[in-house]
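Dear colleague,

I am handing over the structure we spoke about, and below it you will find what turned up when I went through it. Please read the notes with the model open beside them.

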Amino acid sequence: MNFLIRLLINAVCVYILANYLPNISVDSFGNSVLVAALLAFVNSFLKPILSFITFPITILTMGLFALVVNAAMVMLVDYLVDGFVVSSWLWAIVFAVLLSILNSVLLGIIDNDY
């Protein structure tokens, strides 16, 4: 049940950001749920492998390359979902950072209520 609540909160965050950021769009809330589910899947299985491979570059850039890895996950989901469009890598980085912040704030509010 906790996973479904987190997935729906993440979908709401995707939908909100897609409506407010100019170069990112999602067709419907159903597509934002699909984007949230695919981001959870990709971040669970592919991101650890990619982070391990790019660990030396991440150390050399003092952690900034982790933003590129997060953007790569967003761009992969953009490629997989037809109704989700991210126009460039820069907007993928902005989307990933804002999604993380908004998700943390909303989950903090929800977890404090219980």
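I begin with the largest pocket, which is lined by 18 residues, and of these N10, N43, L99, S100 and N103 lie nearest its centre. Please keep in mind throughout that this is a predicted model. The space in the largest pocket comes to about 360 Å³. As for where the lining comes from, helix 1, helix 2, helix 4 and helix 5 each supply at least two of its residues, and helix 5 gives the most, with 6 residues.

Is N103 buried or exposed? Its relative accessible area is 14%, and because the cut-off for buried is under 20%, N103 counts as buried.

In general, nonpolar side chains in soluble globular proteins tend to be buried together. Here the largest nonpolar core has 24 residues, and those with the most contacts inside it are V74, F84 and F95. At least two residues of this core are supplied by each of helix 1 (2–20), strand 1 (24–26), helix 2 (29–53), helix 4 (65–80), strand 2 (84–86) and helix 5 (89–113).

Turning to the aromatic rings, a search of the whole structure finds 3 aromatic pairs. Among them is the pair formed by F41 and F45, which is tilted, with 4.8 Å centre to centre and 50° between the planes. Both F41 and F45 lie in helix 2, 4 residues apart, which is about one turn of the helix. F41 itself is partly exposed, at a relative accessible area of 48%. Another tilted pair is that of F84 and F95, at 5.7 Å centre to centre and 55° between the planes. What does this second pair tie together? F84 lies in strand 2 and F95 in helix 5, so the pair links parts that are 11 residues apart in sequence.

Also in helix 5 is L98, which is partly exposed, with a relative accessible area of 32%. Not counting residues up to four places away in sequence, L98 touches L17 and L21. L98 and L21 are 77 residues apart in sequence, while their C-alpha atoms are 10.0 Å apart in space.

T58 has its place in helix 3 (residues 55–60) and is buried, with a relative accessible area of 17%. T58 touches G63, F65 and A66, again not counting residues up to four places away in sequence, whereas the C-alpha atoms of T58 and D27, 31 residues apart along the chain, are separated by 34 Å. M62 is found in the loop between helix 3 and helix 4, and at 76% relative accessibility M62 counts as exposed. Most residues other than glycine have a negative phi. The phi of M62, however, is near 55°, a positive value in a residue other than glycine.

With kind regards

Definitions and conventions
Residues are numbered from 1 along each chain as its sequence is written. This is a predicted model: local features need pLDDT of at least 70, side-chain atom pairs count only at pLDDT 80 or more; totals for chains, interfaces and linings use all residues. Side-chain values use heavy atoms; hydrogens and water are left out. A nonpolar core is a set of buried Ala, Val, Leu, Ile, Met, Phe, Trp, Tyr and Cys residues joined through side-chain atoms within 4.5 Å. Buried means under 20% relative accessible area, exposed over 50%, partly exposed in between (1.4 Å probe, protein chains only). On a 1 Å grid over the protein atoms alone, a cavity is a set of points where a 1.4 Å probe fits but cannot get out, and a pocket is an open set with protein on both sides within 12 Å along at least five of seven lines; lining residues have an atom within 4 Å of a point. Grid points are joined across faces, edges and corners, and a volume is the space filled by probe spheres set on the points. Rings of Phe, Tyr and Trp (its six-membered ring) pair if their centres lie within 6.5 Å; planes under 30 degrees apart count as stacked, over 60 as edge-to-face and the rest as tilted. Contact means heavy atoms within 4.5 Å.
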